[in-house]
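Dear colleague,

Please find below the structure that I am handing over to you.

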Amino acid sequence: MNTRTGGLARALVRAVARGLPTRSARARYRAEFLADLAALTTGAKLRYAVGVLVALAALRTAVPPDRTPDTWPLPRAQRPFRCRVLHRHAWRQAETSDGEPYRECARCGELHPRTQTMVGSTVPWTPSIT
Ligand SMILES: [Zn+2]
């Protein structure tokens, strides 16, 4: 019973981790969930695993997308419905690695249409106040 419950809890948290959107998040949370399980008593393991499952939807939205040149901005087919179809982006201020500010969507990575400076551009940034 004890081994079976622990195995079920481990399988459940592994399955939950597979439901996360990025490779790095899947690896990180799988390790965290399994480490948490190892510290719990047998009875608490299954409760913890079910709690992790219940929190999956919230965790999926909280995990930021991987941001490498290959994955960011997101390809059009992977963009959230609000960005891809409704063009309702979540604009945020960002900075290039050399400190140049620009605006991008926090969900999909699209550059703001009024952004004067593209990442890697040598054109000086001129903020437009509207
Ligand atoms: Zn967007």
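Does His87 count as buried or exposed? Please note that the model is predicted. His87 counts as exposed, because it has 9 C-beta neighbours inside 10 Å, and a residue with 12 or fewer falls in that class. His87 sits in the loop that runs between helix H5 (81-84) and strand S1 (91-95). The phi angle of His87 is near 55 degrees, which is a positive value in a residue other than glycine.

In soluble globular proteins, nonpolar side chains tend to be buried together. Here the largest nonpolar core consists of eight residues, namely Ala9, Val13, Val16, Ala17, Tyr29, Phe33, Ala49 and Val52. At least two residues of this core come from each of helix H1 (2-18), helix H2 (23-38) and H3. H1 provides the largest share, with four residues. As for Tyr29, this residue touches Ala17 and Leu20, when residues up to four places away in sequence are not counted.

Leu53 also deserves a description. Leu53 belongs to helix H3 (residues 42-54). Leu53 is partly exposed, because 14 other C-beta atoms lie within 10 Å, a count between the limits of 12 or fewer for exposed and 20 or more for buried. Apart from its neighbours within four places in sequence, Leu53 is in contact with Leu12 and Val16. Leu53 and Val16 are 37 residues apart along the chain, and their C-alpha atoms are separated by 5.9 Å.

Yours sincerely

Methods: Residues numbered from 1 in each chain as written. Predicted model: local features only at pLDDT ≥ 70, side-chain atom pairs only at ≥ 80, totals over all residues. Contact = placed C-beta atoms within 7 Å. Core = buried A, V, L, I, M, F, W, Y, C linked by C-beta atoms within 7 Å.
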